[in-house]
Amino acid sequence: MPELPEVETIRGKLAPHLQGRRIAAFEVPDARWCEPAAPGELADALAGRRIERVGRRGKYFDFELAGEVHLVMHLRMTGNLLYVPPGDDAERPYVRVRIALDDGATVLFTDPRRFGTGLVLLGDAARDAYFDARLGVEPLGPDFTPAALRELARGRRAPVKAFLLSQERIAGVGNIYADEALFRARIHPLRPVGTLRAAQIEALHGAVVESLQAGIDARGASIDDFRHPDGARGSFQDRFLVHRREGEPCPRCGATVVKLRAAGRGTYVCPRCQRRPRGA
Ligand SMILES: [Zn+2]
């Protein structure tokens, strides 16, 4: 599933092509994408409007259009946003949404497994309320500080991996970047988050930021379906420290990386660098 760095990579590549353009037509051939709204309602709200900004919040895209109209989209498991330049008539598979721009280019939401979703929100306040109800702090924004992380973790018994994956605490971290951050911070994923010491909270804060930034620098990880808007692949999968490296040596100490289950997800740890808590 695309996480914050993958969504941010797509956002950064789309923005220069889209910002300032108008949406000429908006088609949703697969009506499940925007349930319970009807495709025609979205088309009516979007067609003819200028795209002022291509934004992101957590793993969501927020296309900000003129008049405070927001097109909010989530890729879920296998969604992608492809940019098709003017004059390119090649067919793409799994097209769920087609956004025609006024310069002849098209943006396609493709999605083999069809879990991706989209909706239109009218007004910045409606957009803020939607995100506030679902998402916690933005980890690359100014509000994510060691003190903020300590406050979020205080008194919580949840294993730290589950804590990192909960979008309503920290927005945008998924399975890849949680594993990488915990390894960098030398914290076992099953450790109850409320028991982390101040120095560990500090380390975890830095590790979350570094892992996400490393993912963005590598333009995301293409382990499954993730592609850039031009079809290119990210390269972060070649730079994983522990994620998906079961049986390989830890890059820090040489011990063998193992796979376990945490928060219901395949989780990769160095058993020497990340000591299992007693009783877990
Ligand atoms: Zn190690």
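**Notes on the sheet and the hairpin**

1. An open sheet of 4 strands has the order β1-β6-β7-β5, with antiparallel pairing, where strands are DSSP runs of E of at least two residues, helices are runs of H or I of at least four, both numbered from the N terminus, and two strands pair if DSSP finds at least two bridges between them. At the edges lie β1 (23–27) and β5 (80–84), each of which pairs on one side only. From one strand to the next the twist averages 20 degrees, with axes fitted as lines to C-alpha atoms (for helices over the stretch in contact) and angles running from 0 to 180 degrees between N-to-C directions.

2. This is a predicted model, in which local features need pLDDT of at least 70 and side-chain atom pairs count only at pLDDT 80 or more, while totals for chains, interfaces and linings use all residues. Residues are numbered from 1 along each chain as its sequence is written.

3. Strands β6 (residues 95–101) and β7 (residues 106–110) run antiparallel and are joined by 5 bridges, and V97 stands opposite F109 in β7. Helix α1 (residues 4–18) packs on the sheet, touching β5 and β7, and its direction makes about 35 degrees with that of β5; contact requires C-beta atoms, placed from the backbone, within 7 Å.

4. Strand β3 (residues 60–65) is joined to β4 by 6 bridges in antiparallel fashion, with L71 in β4 as the bridge partner of F63. Their hairpin has 3 residues between the strands, and G67 takes a positive phi near 80 degrees there.

5. Antiparallel to β4 also runs strand β8 (residues 117–122), joined to β4 by 6 bridges, and V69 stands opposite L122 in β8.

Conventions:
Two residues are in contact if their C-beta atoms, placed from the backbone, lie within 7 Å.
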